[in-house]
Amino acid sequence: MGYRESLVLVNSLVLAVLALALFSSGEKLSVSYDGRALTINGQRKIIVSGSIHYPRSTPEMWPLLIDKAKQGGIDAIETYVFWNAHEPQQGQYDFSGNNDLVRFIRTIQEQGLYAILRIGPYVCAEWNYGGFPVWLHNLPGIEFRTKNKVFMDEMEKFSTLIINMMKEYELFASQGGPIIIAQMIDTKLKE
């Protein structure tokens, strides 16, 4: 290896360490939209993202999958939040193993990438029942993918649980975490 190649390697390692330090240090980011572009700390930013769906792999696989995405030029990992995986029975939650959303988001942060959290609630990714828990089907008066009050009330409970969990673990960019965007439907829409 020549001098130039060594210098490039050292510079790449320094940049990787700095990027990791930036995200690991818990630096709070200001994320906004200026009418033309997403801005991070006042600078317009083009985000190159790719999806990794945490329940489709194991926690042991996540670092390698995220690293491969990063090596491919991705600077943000987006994922759905899988309601049916997390609340298989009404009011009974599972955030263990492949469903450990907090661990997944922290793994993204450890790799120095942004996260885009797609709370949904609908999963458009060839996922059973569109990501809705099957128990929803049995609720009196339920109508899916509408502003139906029964549906909206249940969806709001779950979405609030996820948002509060992300806040509790300080995973939003404004708290020093990697989540720069959280996407969901508005539960306050009028009928």
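Predicted model: local features only at pLDDT ≥ 70, side-chain atom pairs only at ≥ 80, totals over all residues.

Visitor: What helices and strands does the protein have, and in what order do they run?
Guide: There are five helices and seven strands. From the N terminus on, the elements run α-β-β-β-β-α-β-α-α-β-α-β. Buried residues make up 40% of the 191 residues.

Visitor: Why is Q109 called buried?
Guide: Buried means under 20% relative accessible area. Q109 has a relative accessible area of 13%, so Q109 counts as buried. Q109 lies in helix 4, residues 101–110.

Visitor: Which residue is 69 residues from Q109 in sequence, and how far away is it in space?
Guide: That residue is P178.

Visitor: What makes E87 a residue without a salt bridge?
Guide: Look at the nearest side chain of opposite charge, which is K157. K157 is 7.4 Å away. A salt bridge needs a side-chain nitrogen of Lys or Arg within 4 Å of a carboxyl oxygen of Asp or Glu. The distance to K157 is over that cut-off, so E87 has no salt bridge, yet E87 is buried.

Visitor: Where is E87, and what does its side chain reach?
Guide: E87 is in the loop between helix 3 (83–86) and helix 4. Its side chain reaches the backbone nitrogen of G91 at 2.7 Å.

Visitor: What makes strand 6 mostly covered?
Guide: Strand 6 spans residues 114–120, and six of its seven residues are buried.

Visitor: How do you know that strand 6 pairs with strand 5 and with strand 7?
Guide: Two strands pair if there are at least two bridges between them. Strand 5 (residues 76–80) and strand 6 share five bridges, so they pair, and the sense is parallel. Strand 6 and strand 7 are also joined by five bridges and run parallel. A115 of strand 6 is the bridge partner of I77. A115 also stands opposite I179 in strand 7. The chain goes from strand 6 through helix 5 to strand 7, in a right-handed β-α-β crossover. Another residue facing strand 7 is G120, which stands opposite M184.

Visitor: Why are strand 1 and strand 3 called edge strands?
Guide: Three strands form an open, antiparallel sheet in the order 1-2-3. Strand 1 (31–33) and strand 3 (43–44) each pair on one side only, and that makes them the edges.

Visitor: How do you know that strand 1 and strand 2 pair?
Guide: Three bridges join strand 1 to strand 2, residues 38–40. The rule asks for at least two, so they pair. S32 has T39 in strand 2 as its bridge partner.

Visitor: Where is S174, and which residues is it in contact with beyond its neighbours within four places in sequence?
Guide: S174 lies in the loop between helix 5 (149–168) and strand 7 (179–184). Its contacts of that kind are K28 and L29. S174 and L29 are 145 residues apart in sequence, but 5.1 Å apart in space, C-alpha to C-alpha.

Visitor: What share of contacts in the protein join residues at least 24 apart in sequence?
Guide: Among contacts between residues at least 6 apart, the share is 71%.

Methods: Residues numbered from 1 in each chain as written. Heavy atoms only, no water. Contact = heavy atoms within 4.5 Å. Buried < 20%, exposed > 50% of the residue type's maximum accessible area, 1.4 Å probe, protein only. Right-handed = clockwise from strand over helix to strand, strands pointing away. Lys, Arg positive; Asp, Glu negative; His and termini not counted. Polar contact = N/O pair within 3.5 Å; in protein donor to acceptor, adjacent residues only side chain to side chain.
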